Amino acid sequence: MPECDHCSLEVAEAKAVFDEIGGQRKVFCCNGCRGVFRFINNEGLSDFYDRRESTWTAGPPDERPIEFSAFSDSIRPAGDLMEIDVVIDGIRCASCIWLIEKLMLRTHGVNYARVNYATHKAKIRWDPKTTDVINVLTRIKSIGYSPKPSVPGAHEEEIKVQQRDLLIRFGTAAFFSMQLMLYSVALYAGYFQGIVADTRLIFQFISLALATPIVFYSGVPFIRGSIRGIRNLSFNMDTLIVIGAGAAYFYSIYQIFAGGEVYFDTSAMIITLILLGRYIETGAKGRSSEVITRLLSLNPKKAIVVRSQKSGVRSYEPVSVASIQSGDLVQIKPGERIPLDGSVTEGTSEVDESMLTGESRPVAKSPGSELFCGTQNLYGSLIFKVERTGKDTVLSQLIMTVENAQARSAPVQALADRVVGYFVPAIILLSLATCIFWLYHGGLLTQAMMNAVSVIVIACPCALGLATPLAVLIGTTKGASKGILIKGGDIIEKAKNIDTVVLDKTGTITEGKPHLALYKGIGVTDDEALCLSHSLEQLSEHSIAKAIINAGGSITSYNVTDFAAWPGQGTSGMIKGKPALIGSRSFIESRLSIDNFESRIGSELMSQISKWESAGSTVVYLAHDGRPSGVFVISDEVRAEAKEAVEAMIKAGYDVIMITGDGKDTALAVAEAIGLRSDKVMARKSPIEKADAIRAMQDEGKAVMMVGDGINDAPALVQADVGMAMGRATDIALESADMVLMRSNLNLVAGAVGLSRRTYRVIRQNLFWAFIYNLVALPLAVMGLLHPIVAAISMTLSSLSVVGNSVRLKRG
């Protein structure tokens with residue numbers, strides 16, 4: 001039966017729809033496919049049909065109408081533009097991605113379109129003055145795809161089905177190949193040492209029986225891909241796979257009856273090894289989706305909303321989280337996860353925020369404290385006011401970032417794909433020319449066929465199919481065993497070029513566990529100064545505040561009103577009816593308008609403060625009732641391995657720079673402790689200024705790796721060519737970093753770059769040997785000096801050489 005020229009579905013002649021398009025008679029299973037085919041051709045996007053891969057599965061477009069109202073919650077502003085995330089059903093291969101993106105970018109008013117191959121989620125931005133969401137979604141529908149509202153995790157099941165199908169096909173091929181090799185070894189031995197004719201014939205028929213399910217079941221995806229490629233005059237790797245495996249298979253059947261040697265093992269190995277490569281690639285997609293699934297599991301579906309009645313009595317109503325609006329009050333019981341972002345209005349508790357910060361220690365929460373979606377309430381009951389919902393929560397932004405990261409692929413793979421585009425048709429022509437040449441020069445048909453098959457078999461791209469995915473898999477697995485998580489093949493390619501390493505100070509160079517080393521009251525007792533600061537810092541989440549809170553322990557605190565946090569400066573509030581401040585010197589001076597600050601502190605104490613800062617400590621000041629009331633010295637130990645790690649990076653040729661939000665004296669003291677020159681220190685940098693500093697380095701032509709540990713480092717981690725997050729494998733690291741160090745050890749930084757360079761070098765070696773093997777062996781096959789048996793063994797050895805070369809990464 002003919003196949004539909006659009007969706008590849010087989011259709012009976014009597015039910016087929018025929019049309020003449022571009023001077024050619026086309027067959028369609030329905031009018032929908034005919035309309036889509038015409039539209040794609042009219043838009044000048046007919047290359048889509050040449051690009052389709054073997055993973056394409058048959059099926060006509062979904063003709064159900066679009067429910068535009070279902071997308072209203074997915075639309076959001078993006079500056080002067082509007083933006084939407086939609087899941088697109090009907091995507092079957094990378095060519096579908098190409099077609100959708102091309103069509104969107106040709107749509108008037110659309111400024112940006114990107115489709116994630118891993119999740120089938122599209123992000124589209126348009127100018128609302130020029131077009132609207134209805135036109136955007138209708139255009140997608142017009143080419144046979146179905147846009148649907150973005151429901152997190154919806155693509156997970158599709159990936160599982162695809163992976164399961166490949167696993168079954170690969171498992172079948174591997175099982176029968178193992179049995180087949182037993183008989184192939186016997187036949188090879190018989191060829192060289194002699195074998196009884198009847199025994200050889202039995203072994204050959206058994207080999208035929210074992211090879212048949214491999215070729216016609218496990219090899220179905222390749223057969224489909226090659227048929228479509230030939231029909232569209234587009235030859236791809238599938239074409240060579242099918243021709244190589246098919247030639248060996250059918251020629252072997254001919255040889256059974258001609259009394260010659262058979263090469264069923266060749267056809268089996270071709271399909272089995274390429275299936276292994278496809279399964280590895282799909283497995284990587286599956287692992288990426290598991291990250292999103294794990295993040296989604298943190299988001300509760302229901303919550304209890306607190307309603308105030310006219311009588312003053314409260315009611316507690318369980319509702320869907322999707323129905324909660326900003327400004328609503330929500331109750332959180334012990335053990336429950338926070339459903340949305342907001343701030344506490346009533347109650348005290350401790351919350352596990354490890355999914356954001358990586359810090360396993362619970363964080364104290366009281367009125368005014370910020371809560372994040374997905375974090376877990378531990379002990380007390382809380383009521384909080386919702387401030388961010390839906391796509392605006394930290395968890396949703398994190399999930400979106402992870403999904404976008406999954407769209408990455410290893411650019412080096414494009415080298416193999418481009419070469420194969422020319423290599424495949426050239427090999428087919430060379431094989432035909434070889435057969436004709438030997439026949440023309442008086443060779444026997446058997447000899448001509450044997451030489452032609454040798455050309456096809458020796459050129460089959462098994463090694464090419466394994467070269468990149470296998471090296472990436474082993475490289476990333478090796479990294480994981482060392483505590484280095486690498487998010488994709490493109491990160492490996494970027495990391496190999498790194499020449500500049502930027503290190504954040506707090507939590508990266510230092511332990512990230514600040515403690516109160518010393519405190520002293522000014523005009524008040526030391527205990528009173530600690531009590532005042534403890535009372536004020538209880539409402540802050542800054543690491544310095546935690547150091548003072550921990551030092552205060554169970555000290556009795558004063559009531560604080562009008563609390564306010566000043567990012568990067570300090571905090572303020574009213575204690576006992578009088579203004580209280582704690583923070584940096586510049587913060588206290590500016591708020592109190594003090595001209596003679598040092599005289600208020602005292603020359604002796606100022607001299608001590610200078611020594612503390614020169615030793616790398618951070619000093620904060622307390623003021624109460626308009627007067628300086630205390631100083632607090634916060635220490636954070638430099639990591640034991642920091643000096644050794646920095647020296648090793650410098651010795652390896654990296655330009656190492658430290659960047660921090662702390663003051664210059666503190667930064668210089670830490671730099672001296674780890675062996676960094678003063679000109680390699682950037683102090684008093686806000687999160688945005690850190691990102692700007694990295695951008696300036698990139699403008700100078702540097703390839704920059706940023707190493708940080710927390711949410712404040714996110715802008716810099718994203719801006720860098722490669723962002724690396726210190727600490728345990730936290731979700732916040734997945735949001736902004738390309739690599740994650742599961743162990744907080746700076747020695748792993750250089751190790752991660754070294755591993756990336758070795759992995760990329762192995763990929764290039766694999767590709768080199770895969771190509772050079774063909775360049776050496778093909779002339780021998782054309783000249784008839786390479787028997788198909790030797791060609792089969794050589795083909796297998798070339799694949800094994802790629803495997804063996806990749807396995808070397810395990811020993812690094």
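**Burial, exposure and backbone angles in a predicted model**

In helix α23 (residues 664–674), the buried residues are T666, A667, A669, V670, A671 and I674. The model is predicted: local features need pLDDT of at least 70, side-chain atom pairs count only at pLDDT 80 or more, and totals for chains, interfaces and linings use all residues. Residues are numbered from 1 along each chain as its sequence is written, and side-chain values use heavy atoms, with hydrogens and water left out.

Q: What makes T666 and A667 of α23 count as buried?
A: Buried means under 20% relative accessible area, with a 1.4 Å probe and protein chains only; T666 and A667 are among the residues of α23 in that class.

Q: What covers the buried residues of α23?
A: The cover includes α16 (505–509), α21 (603–614), β23 (618–624), α22 (642–651), β25 (655–659) and β26 (681–682). Helices here are DSSP runs of H or I with at least four residues, and strands are runs of E with at least two, numbered from the N terminus.

Q: Why is D562 called exposed?
A: The relative accessible area of D562 is 62%, and exposed means over 50%; therefore D562 is exposed.

Q: Where does D562 lie, and what is its phi?
A: D562 lies in strand β20 (residues 560–566). Its phi is near 55°, a positive value in a residue other than glycine.

Q: Why is L445 called partly exposed?
A: L445, in helix α13 (residues 445–459), has 48% relative accessibility. Partly exposed lies between the buried and exposed limits, so L445 belongs to that class.

Technical notes
Contact means heavy atoms within 4.5 Å.
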